[in-house]
Amino acid sequence: MCPEKNKSESITKAHGAISISFIITSLTIGFIAILNESVLLSIIYLVIVISAFIVMSIIYCSKCLCRNNCNHIFIGHLSKIFSKQNSKNYTKSDVIFGAVLPMLIVYIIPQFWLINNSLYFLLFWILTIIGILDVLIFVCRNCRNTKCSMCKSHK
Ligand code: SF4
Ligand code: SF4
(Lines give C-alpha, C1' and ligand atoms only; values in the text may rest on other atoms or scores of the structure.)
(Ligands and ions follow the chains in the order given, each with its own letter.)
Protein backbone atom coordinates (compact mmCIF):
# COMPACT_ATOMS: atom_id res chain seq x y z
CA MET A 1 0.00 0.00 0.00
CA CYS A 2 1.00 3.58 -0.63
CA PRO A 3 2.35 5.08 2.62
CA GLU A 4 0.47 7.92 4.30
CA LYS A 5 0.81 11.42 2.87
CA ASN A 6 3.36 13.53 4.70
CA LYS A 7 3.28 17.25 5.48
CA SER A 8 5.51 18.14 2.54
CA GLU A 9 3.20 16.57 -0.04
CA SER A 10 2.28 19.82 -1.82
CA ILE A 11 5.90 21.03 -1.92
CA THR A 12 6.99 17.66 -3.30
CA LYS A 13 4.29 17.86 -5.96
CA ALA A 14 5.38 21.39 -6.90
CA HIS A 15 8.97 20.20 -7.33
CA GLY A 16 7.69 17.19 -9.28
CA ALA A 17 5.86 19.53 -11.67
CA ILE A 18 8.81 21.92 -11.97
CA SER A 19 11.36 19.16 -12.57
CA ILE A 20 9.28 17.38 -15.21
CA SER A 21 8.75 20.77 -16.94
CA PHE A 22 12.52 21.32 -17.07
CA ILE A 23 13.09 17.82 -18.38
CA ILE A 24 10.40 18.13 -21.07
CA THR A 25 11.70 21.58 -22.08
CA SER A 26 15.21 20.20 -22.48
CA LEU A 27 13.89 17.34 -24.64
CA THR A 28 11.94 19.92 -26.68
CA ILE A 29 15.19 21.80 -27.32
CA GLY A 30 16.69 18.52 -28.55
CA PHE A 31 13.64 18.07 -30.79
CA ILE A 32 14.01 21.60 -32.21
CA ALA A 33 17.74 21.05 -32.86
CA ILE A 34 16.88 17.95 -34.92
CA LEU A 35 13.91 19.71 -36.58
CA ASN A 36 16.28 22.43 -37.86
CA GLU A 37 18.09 19.73 -39.84
CA SER A 38 15.38 17.25 -40.74
CA VAL A 39 11.61 17.16 -40.23
CA LEU A 40 11.51 13.39 -40.69
CA LEU A 41 14.21 12.72 -38.10
CA SER A 42 12.57 15.10 -35.63
CA ILE A 43 9.28 13.20 -35.97
CA ILE A 44 11.12 9.90 -35.43
CA TYR A 45 12.72 11.42 -32.31
CA LEU A 46 9.33 12.57 -31.03
CA VAL A 47 7.94 9.05 -31.46
CA ILE A 48 10.98 7.64 -29.61
CA VAL A 49 10.48 10.09 -26.70
CA ILE A 50 6.76 9.29 -26.39
CA SER A 51 7.52 5.55 -26.62
CA ALA A 52 10.21 5.87 -23.94
CA PHE A 53 7.78 7.50 -21.51
CA ILE A 54 5.17 4.81 -22.24
CA VAL A 55 7.74 2.02 -21.75
CA MET A 56 8.82 3.57 -18.43
CA SER A 57 5.22 3.91 -17.32
CA ILE A 58 4.50 0.27 -18.17
CA ILE A 59 7.64 -1.35 -16.73
CA TYR A 60 8.51 0.93 -13.81
CA CYS A 61 5.38 2.81 -12.81
CA SER A 62 3.09 -0.24 -12.92
CA LYS A 63 4.95 -1.42 -9.80
CA CYS A 64 4.83 2.00 -8.11
CA LEU A 65 2.85 2.02 -4.88
CA CYS A 66 1.65 5.56 -5.54
CA ARG A 67 1.01 5.85 -9.25
CA ASN A 68 -2.45 7.27 -8.43
CA ASN A 69 -0.64 10.16 -6.82
CA CYS A 70 2.44 10.37 -9.03
CA ASN A 71 5.12 12.88 -8.08
CA HIS A 72 6.06 13.21 -11.74
CA ILE A 73 2.46 14.26 -12.44
CA PHE A 74 1.41 12.76 -15.78
CA ILE A 75 3.58 9.60 -15.84
CA GLY A 76 1.41 7.85 -13.27
CA HIS A 77 -1.66 8.54 -15.43
CA LEU A 78 0.12 7.11 -18.47
CA SER A 79 0.88 4.01 -16.43
CA LYS A 80 -2.79 3.54 -15.53
CA ILE A 81 -3.76 3.76 -19.21
CA PHE A 82 -1.19 1.25 -20.44
CA SER A 83 -0.72 -1.22 -17.59
CA LYS A 84 -2.29 -2.97 -14.63
CA GLN A 85 -0.98 -2.45 -11.11
CA ASN A 86 1.75 -4.96 -10.30
CA SER A 87 2.50 -5.55 -6.61
CA LYS A 88 5.91 -7.17 -7.11
CA ASN A 89 9.18 -5.47 -6.22
CA TYR A 90 11.49 -3.99 -8.81
CA THR A 91 14.04 -6.26 -10.44
CA LYS A 92 17.33 -5.20 -12.02
CA SER A 93 15.68 -5.58 -15.44
CA ASP A 94 12.89 -3.17 -14.41
CA VAL A 95 15.48 -0.57 -13.47
CA ILE A 96 17.54 -1.09 -16.65
CA PHE A 97 14.72 -1.44 -19.21
CA GLY A 98 12.09 0.62 -17.40
CA ALA A 99 14.18 3.62 -16.37
CA VAL A 100 17.87 3.80 -17.28
CA LEU A 101 17.78 2.66 -20.92
CA PRO A 102 14.75 4.72 -22.07
CA MET A 103 16.24 7.84 -20.45
CA LEU A 104 19.68 7.22 -21.96
CA ILE A 105 18.17 6.78 -25.43
CA VAL A 106 16.16 10.02 -25.37
CA TYR A 107 19.15 11.96 -24.05
CA ILE A 108 21.86 10.51 -26.28
CA ILE A 109 20.03 10.82 -29.64
CA PRO A 110 19.80 14.66 -29.82
CA GLN A 111 23.49 15.11 -28.90
CA PHE A 112 24.46 14.52 -32.56
CA TRP A 113 22.53 17.70 -33.51
CA LEU A 114 23.04 19.72 -30.31
CA ILE A 115 26.81 19.46 -30.64
CA ASN A 116 26.59 21.83 -33.66
CA ASN A 117 24.69 24.51 -31.73
CA SER A 118 26.40 25.65 -28.55
CA LEU A 119 23.39 27.71 -27.33
CA TYR A 120 20.98 24.78 -27.66
CA PHE A 121 23.58 22.42 -26.20
CA LEU A 122 24.08 24.61 -23.12
CA LEU A 123 20.35 25.18 -22.60
CA PHE A 124 19.63 21.47 -23.02
CA TRP A 125 22.12 20.45 -20.36
CA ILE A 126 21.42 23.29 -17.92
CA LEU A 127 17.70 22.47 -17.92
CA THR A 128 18.42 18.74 -17.70
CA ILE A 129 20.79 19.13 -14.74
CA ILE A 130 18.38 21.46 -12.88
CA GLY A 131 15.51 19.03 -13.52
CA ILE A 132 17.48 16.00 -12.30
CA LEU A 133 18.82 17.83 -9.23
CA ASP A 134 15.30 19.00 -8.38
CA VAL A 135 14.09 15.38 -8.50
CA LEU A 136 17.01 14.02 -6.46
CA ILE A 137 17.01 16.77 -3.82
CA PHE A 138 13.31 17.54 -3.38
CA VAL A 139 11.12 14.86 -4.97
CA CYS A 140 12.83 11.58 -4.06
CA ARG A 141 13.22 12.83 -0.49
CA ASN A 142 9.46 12.77 0.09
CA CYS A 143 8.33 10.31 -2.58
CA ARG A 144 6.01 7.63 -1.27
CA ASN A 145 7.14 4.98 -3.77
CA THR A 146 9.23 3.22 -1.14
CA LYS A 147 10.01 0.37 -3.55
CA CYS A 148 12.12 2.75 -5.67
CA SER A 149 15.79 2.62 -4.64
CA MET A 150 16.00 6.42 -5.03
CA CYS A 151 13.27 6.94 -2.43
CA LYS A 152 14.59 8.58 0.72
CA SER A 153 11.34 8.84 2.63
CA HIS A 154 10.18 6.28 5.19
CA LYS A 155 13.75 5.03 5.67
S1 SF4 B 1 6.11 8.36 -8.64
FE2 SF4 B 1 7.70 7.66 -10.11
S3 SF4 B 1 7.41 5.43 -10.27
FE4 SF4 B 1 5.54 6.30 -9.30
S5 SF4 B 1 4.10 6.59 -11.00
FE6 SF4 B 1 5.22 8.51 -10.70
S7 SF4 B 1 6.96 8.38 -12.11
FE8 SF4 B 1 6.16 6.34 -11.88
S1 SF4 C 1 11.90 7.93 -5.45
FE2 SF4 C 1 12.44 9.54 -6.92
S3 SF4 C 1 12.92 8.47 -8.83
FE4 SF4 C 1 11.81 7.02 -7.51
S5 SF4 C 1 9.68 7.21 -8.15
FE6 SF4 C 1 10.00 8.59 -6.42
S7 SF4 C 1 10.52 10.56 -7.29
FE8 SF4 C 1 10.74 9.05 -8.93
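How many nonpolar, polar and charged residues does the shell around ligand 1 have?

1. Ligand 1. The shell around ligand 1 has eight nonpolar, five polar and one charged residues. Here Ala, Val, Leu, Ile, Met, Phe, Trp, Tyr, Cys and Pro count as nonpolar, Asp, Glu, Lys and Arg as charged, and the others, Gly among them, as polar. Of the 14 residues around this ligand, Cys-61, Cys-64, Arg-67, Cys-70 and Gly-76 come nearest (a residue is near if its C-beta atom, placed from the backbone, lies within 6 Å of the molecule).

2. Basis and confidence. This is a predicted model, in which local features need pLDDT of at least 70 and side-chain atom pairs count only at pLDDT 80 or more, while totals for chains, interfaces and linings use all residues. Residues are numbered from 1 along each chain as its sequence is written, with chains lettered from A and ligands numbered from 1 in the order in which they are written. The mean pLDDT of the protein is 92, and 94% of its residues reach 70 or more (pLDDT is the predictor's confidence in each residue, from 0 to 100).

3. Ligand 2. Around ligand 2 lie Asn-71, Val-135, Val-139, Cys-140, Cys-143, Asn-145, Cys-148, Met-150 and Cys-151. By class, seven residues of this shell are nonpolar, two are polar and none is charged.
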